[in-house]
Amino acid sequence: MPKLIALDDGHGMETLGKRTPVIPELGRSIRENEFNRAVVNFLKQELERCGFDTLLVAPTDEDISLQKRTDLANARKADIYVAVHYNAYDGSFSGQNPSGIEIYVYNGDLNRESGKLATAVGKYLRQGTKQNWRGIKEANFYVLRETNMPAILTENGFMDNKQEALLMIDEDFQREVAVEHAKGICEYFNVPYISASDNAAQTGFRDVSPDAYYANAVKRAKDLGLLNGYPDGRFLPDNSLTRKDFAVALMRLYDKLK
Ligand SMILES: [Zn+2]
């Protein structure tokens, strides 16, 4: 059975506070959830490619209560719980401007499974964009306390540090943070991390793992020009075939055999 990873994007899109100060160049503030949600969605793709199942505990833009989030993860018996956040200090770009990454585990869990998971994820978070490493810390946070499985909460930068605030809406940074979380989670479970390019080179599609039982069939069908996947490089192997797609594939096959 694949391991089930519960993913928590922190807050609702409109949750009060939880945003940067107004950034003059943008003429607006950036909401924390713009970052959290993007990273969680990228992380979901990363983890599924690596063979994990995922559970989004707050899949909508609503501010789902923390209790609903942890109840869902507990009910579905997720194997680990990962909450993605962006930090805040004083809500202002002036004055003291702390920066950097920190990871939280529940009080007393530093030397338990959650601490091991935090160490693995932290190892990769420190390797990307150069940021201050503030370490792994313990805290009595609701989602860390009320989850029945190893749980971490990552703070991937500070919303009131202008440089880091701007990173929040940088898609390259969002993807990088997701990849780093995925690498750490793979390491924690001792499974190989499979990058999107590994897959694409071997199977023709970034979401088709070379280990999948259908990988060879998909690749041969693509090489023969029978099945082409989607313009964004994905095959979406679990999507159903519509009658129109079936007709197209069937006639391509007919023309080939004619
Ligand atoms: Zn947060």
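A residue is called buried here if 20 or more other C-beta atoms lie within 10 Å of its own. With that in mind, welcome to a short tour of this predicted model.

Figure 1. Buried residues make up 38% of the 258 residues in the chain. The domain assignment gives domain 1 (4-189) and domain 2 (202-257), and the centres of domain 1 and domain 2, taken over C-alpha atoms, are 35 Å apart. Along the principal axes, the C-alpha atoms fill a box of roughly 75 × 45 × 30 Å. As you look around, you can find nine helices and six strands. Among contacts between residues at least 6 apart in sequence, 72% join residues at least 24 apart.

**Figure 2. Strand 6 and its two partners.** How many residues of strand 6 (residues 151-158) are buried? Eight of its eight residues are, so to speak, under cover: strand 6 is mostly covered. Strand 3 (residues 80-87) runs parallel to strand 6, and six bridges join them. Look for Val 82, which stands opposite Ile 152 in strand 6. Strand 4 (residues 101-106) pairs with strand 6 in the antiparallel sense, over three bridges. In that pairing, Tyr 104 stands opposite Leu 153 in strand 6.

Figure 3. The 18 residues of helix 1 (residues 32-49) should span 26 Å at 1.5 Å a residue, and the end C-alpha atoms are 26 Å apart, which agrees. Among the buried residues of helix 1 are Phe 35, Val 39, Val 40, Leu 43 and Leu 47; Glu 32, Asn 33, Asn 36, Arg 37 and Glu 46 are also on the buried list. The buried residues of this helix pack against strand 1 (4-8), strand 2 (53-56), strand 3 and helix 6 (171-189). Helix 1 is followed by Gly 51, which has a positive phi near 100 degrees.

**Figure 4. The largest nonpolar core.** In soluble globular proteins, nonpolar side chains tend to be buried together. The largest nonpolar core in this model has 51 residues, of which Ile 5, Ala 6, Tyr 81, Val 82, Val 121 and Ile 152 touch the most other members. Helix 6 gives the most to this core, with eight residues. Which residues surround Ile 5, leaving aside its neighbours within four places in sequence? The contacts of Ile 5 include Leu 47, Phe 52, Thr 54, Ala 78, Val 82 and Ile 185.

**Figure 5. A closer look at Ala 73.** Ala 73 is found in helix 2 (residues 66-75). Is Ala 73 buried or exposed? Ala 73 counts as buried because it has 27 C-beta neighbours inside 10 Å. Leaving aside neighbours within four places in sequence, Ala 73 is in contact with residues including Ala 6, Leu 55, Val 57, Tyr 81 and Met 149. For a sense of distance, Ala 73 and Asn 33 are 40 residues apart in sequence and 20 Å apart in space, C-alpha to C-alpha.

**Figure 6. Two loop residues with positive phi.** Lys 18 lies in the loop between strand 1 and helix 1. Although Lys 18 is not a glycine, it has a positive phi of about 45 degrees. Lys 18 counts as buried because it has 20 C-beta neighbours inside 10 Å. Leu 236 sits in the loop between helix 8 (215-223) and helix 9 (243-257). Leu 236 is not a glycine either, and its phi is positive at about 50 degrees. With 12 C-beta neighbours inside 10 Å, Leu 236 counts as exposed.

Notes: Residues numbered from 1 in each chain as written. Predicted model: local features only at pLDDT ≥ 70, side-chain atom pairs only at ≥ 80, totals over all residues. Domains from an automatic or database assignment. Helix = DSSP H or I, 4+ residues; strand = E, 2+ residues; numbered from the N terminus. Contact = placed C-beta atoms within 7 Å. Pairing = 2+ DSSP bridges. Expected span 1.5 Å × (residues − 1). Core = buried A, V, L, I, M, F, W, Y, C linked by C-beta atoms within 7 Å.
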